[in-house]
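Subject: Structure handover and notes

Dear colleague,

Please find the structure below, handed over for your own work. My notes on salt bridges, strand pairing and helix packing follow it.

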Amino acid sequence: MSRKPVLCRPGAALSLSFALLSSSVLAGGSGGPGGVTGVSKPVQLPGHLLSQPSLSLTRDVRRTVLSNGLTVLTKEVHGAPVVSVQVFYKIGSRNEAAGVNGIAHQLEHMMFKGTKDRPVQFGRLLGALGADFNAFTYYDQTAYHETVERSKAGAALQLEADRMANALIDPAGLRGEKNVVLSEIEGDENDPAYRLERAVQAAAFPGSPYGLTVGGTRKDIEGFTAEEVSSYYKKYYSPEYATVIVVGDFKTGAMLRQVQAAFGKLGKPGTAPVDVSAPLIPGGSEATVGKTPPKQPIVLRESGATPLLNAVYPLPDVHSPDSAALKVLDYLLLSGRTSRLYQALFEGGLAADGGTMPYQFARGGWYSFSFTPTPGTDLRKLDAALLKVIADLRDQPVSAEEVERAKTQISTRTLLDARSVSAQATNLGMDATTAGDYQYTDKFLADLQKITPADVQRVARTYLADERRTTGYFEPTQTAQDKGGGAQAGGATQEAFNAGPPVDPAQVARYLPKFSAGDHTQVTLPQQIKLSNGLTVLLLRDTSTPTVTLSTLVQAGREYDSDAKAGLVDLVAGNLLSGTQSRDELTLARTLDRVGAVLSPSVDRTAVSLQGAARDRDLPVLLDVVSDVLQHATFPAAQFGQSQARAVQTVKQSEDSPAYVAQKVFRKTVYPAGNPWQVFSTPQTIAGLNRADALNFYRSHYRPENTVLTLIGNFDPAQARRLIEEELGGWQASGPAPRLDYAVIGKPGGVVRANPVLPGKTQAVTYVGYQGISRRDTRYFPALVLNDVLGGSTLSSRMGTQLRDKDGLTYGVYSSFAALKQPGAFAVVMQTNPRDTEKAVQGALGIMKDVRDHGLSATEVSTSKNGLASAYAVGLADPARLADTLGRLIALGLPLSELTEYQAKIAAVTPKQVNSAAKELLDPGHVVIVTAGPNSK
């Protein structure tokens, strides 16, 4: 589990993971076991490589301070034609107190409402640029970030400069956005883990802003006035509080001239940059060390599905000389299958999920431990086992081998993170604002190499003493779940809704800054090789970093689950690394850990994905392990049983989530029994599985002809091919390949509703839709444009503009076509307060009807096409995403040329094709509507 920054994340496509929103060093933590949801370790640069100047994280960073106090950090990275522009303000929830808690987060939302010179939703402007954009509020900073094609970096700078000085903050806009913020907070409060964590935090740090919630409280948010928010904005959103970070494909001199042109006229000449901003309300202590914790555990007895444990220990701030030793300590405790907590809690059958996270901020910090017990395990027994592992670390000598392995993992994984320009920019921003030093990570990693076993034991004794601990237990009450009315067809009462005129994209284009037209992205296709056993290999050389990225897709996804054995696909994937014929689980883990390589399985509808990364020199190690688990996995009974118990608990937890329940009931209502789309695992189906089931599935579905191995990075293609042939050329499968039957289904007979009720929730999640199209449908590209305008992004689509921005009915709303080999669902998804659900649903249906009946304008289509083409270029800049995309093209039976022809196919889409697709694909009179959440009666 993680304490995430509060994001302006109104649509799934806009969200960034926490790993990309926090400095590798400042906010890294330990994840749960492989195959179990948890926080993954952030990645960091090898310390021994820091002695090589060309590999320093900040050697090529140039720091410039403008005369108005604005700090500018630039770094040229020429691996892909994209640029990440980010603006960090040195003001966050750390500066708040009771009464003004959440004002930073509220202002973050208002920053998308437009400016005096550009009175249009900024999401529409950034979407028109094809940007991958978002924003977040955290303890020490508020940040805005977008990654764009290099030709549009200047436009992104101008937009950020405009909203630094000219944001519109008026009473009407604030009223609407308050509802959106409250929807976001209530969505968080749906999660018992969030509620427990907040209770523990408040008890551990009374009187400190670090004990407050980052997002704010309902009382404070409802009380904000436009004058208060505007005053806050005018003071802190100024150059001396800001750091602009630009990383990517540009020339530094020319980029600095663009920064000067955009920001140089703001603020006052002669102003110095702010070091650390002061609290909004003087008084009180920001420190976390020195607080007296409660003697007894905090116990929450509320509606929920599973028990939870959370404990925190105070830590010093980011400048503590103990920071590097604390990071090593964390890796020893929980960093994979060889770590101490994994062995004691997960291998010991006590924990189903969980993670650890040491946080160190500008004025304080804490070490968080969060775990979910396996079914039948008492929370106090789990807690006792956790305390014993910590006590052993305090009391028993730490081995030099453990420490060196942790240092290698920490250092190597930073190098892997440096593959993404957006991650590099974010890390620089976090270091500059939390530590006050953009070179913090380099210095930290130099200190890391000096850490000894004695240092680790010393910090364990200093900071992890039992008496320093604040503990919380969540004990779910046994409330009977009202399942609500069953699905029924018929003409539901529909209130009249006037969608209003859409925002004219010509108006959006009018407010876009000028930029030169970029060339179509030149995509280099990988070398495609078919081994004699049917394995497809894709090799793409990229020498921009000394790393390799691996993606292995096996077409053995959840579509192969059956009603009787639902959950088997995930259990098989989750146990791939549990042991092989020649190596047990620990040996496999140590093989990867000793070089800092990462390899983890994940599962979706169509495929099992083994995603890996390593330093280029360690490619043989990575391929060796991949080959072994693909061919020789044995699914040891002990590990299989433990993962089975964890999976049961994970499903129980999921069934307490409105988003999961809404999706499940939606699919089961849209698709008939027996159709692979409607299969979902239950605690009962998972508990009924056994090791023989896993072995049988593995032997029949894990086959070379069903597998695509993609490799991107710094390697010699001929050598890599020989290595792959040596490792996987002998892989053989017996018997015929499995086949699936997707029966054709018709539309719903009318409006079909289902309303599963989850007691204790404050927000509802609604799915509206029906079966859509397949990837090979001739309407696929027109449908991409149609969906982009309709609901592709909360901040730039028609639905987002109306339902979120104008009406304040939802924190997030988006639509999508799940176009795979088989037709997936078209769905509109939204999160709402129950009192607003019906109005939001009718609003979405009204917009669908309006688009179907009246079509999209030529300007809307043109704007969407330009944005989609630009977003395509941005998406290909991340090697992990590119590797996955390449593999999935092959898995879908599509040629790799789809990658190079994408922009041309988007460009060829006409308004007539889009509007024809709208008439054929949008049918608001025949829909399934599922709302999961509290009983609205």
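**Salt bridges**

R94, D140, E286 and R363 are linked in a network of salt bridges, a salt bridge being a side-chain nitrogen of Lys or Arg within 4 Å of a carboxyl oxygen of Asp or Glu. Please bear in mind that this is a predicted model, in which local features need pLDDT of at least 70 and side-chain atom pairs count only at pLDDT 80 or more, while totals for chains, interfaces and linings use all residues. Residues are numbered from 1 along each chain as its sequence is written, and side-chain values use heavy atoms, with hydrogens and water left out.

The structure holds 52 salt bridges.

A second salt bridge is formed by the side chains of R380 and E475, at 3.2 Å from N to O. Because R380 lies in helix α11 (residues 379-395) and E475 in the loop between β12 (470-474) and β13 (488-490), the pair ties together parts that are 95 residues apart in sequence. R380 is partly exposed, with a relative accessible area of 40%, whereas E475, at 18% relative accessibility, counts as buried.

The side chains of E898 and K905 also meet in a salt bridge, here at 2.4 Å from N to O. E898 counts as buried at 9% relative accessibility, while K905, at 30%, counts as partly exposed.

Strand β3 (residues 71-76) is mostly covered, with five of its six residues buried. Strand β2 (residues 61-65) runs antiparallel to β3 and is joined to it by five bridges, two strands being counted as paired if DSSP finds at least two bridges between them. Within this pairing, T64 stands opposite V72 of β3. The two strands β2 and β3 form a hairpin with five residues between them, and G69 in the turn has a positive phi of about 95 degrees. Strand β7 (residues 242-248), in turn, runs parallel to β3 and is joined to it by six bridges, with T243 of β7 as the bridge partner of T71.

**Strand β9 and its partners**

In strand β9 (residues 308-315), eight of its eight residues are buried. Both faces are covered, with L308, N310, V312 and P314 on one side and L309, A311, Y313 and L315 on the other. Strand β9 is joined to β12 by five bridges and the two run antiparallel, A311 standing opposite T471 in β12. Strand β11 (residues 365-373) also pairs with β9 in the antiparallel sense, over seven bridges, and here N310 stands opposite S370.

**Helices α3 and α8**

Helix α3 (residues 153-165) and helix α8 (residues 252-263) pack at an angle of about 25 degrees, with their axes 9 Å apart; axes are lines fitted to C-alpha atoms, for helices over the stretch in contact, and angles run from 0 to 180 degrees between N-to-C directions. That makes α3 roughly parallel to α8, since angles under 35 degrees count as roughly parallel, over 145 as roughly antiparallel, 65 to 115 as roughly perpendicular and the rest as oblique. The contact (heavy atoms within 4.5 Å) is made by A153, G154, L157, Q158, E160, A161 and M164 of α3 and by M255, Q258, V259, A262 and F263 of α8.

**The six-stranded sheet**

An open sheet of six strands has the order β14-β15-β19-β16-β18-β17, with mixed pairing. Its edge strands are β14 (527-530) and β17 (598-603), each of which pairs on one side only. Strands β16 (residues 547-554) and β19 (residues 707-713) pair in the antiparallel sense over seven bridges, and the bridge partner of T552 in β19 is L709.

With best wishes

Notes. Helix = DSSP H or I, 4+ residues; strand = E, 2+ residues; numbered from the N terminus. Buried < 20%, exposed > 50% of the residue type's maximum accessible area, 1.4 Å probe, protein only.
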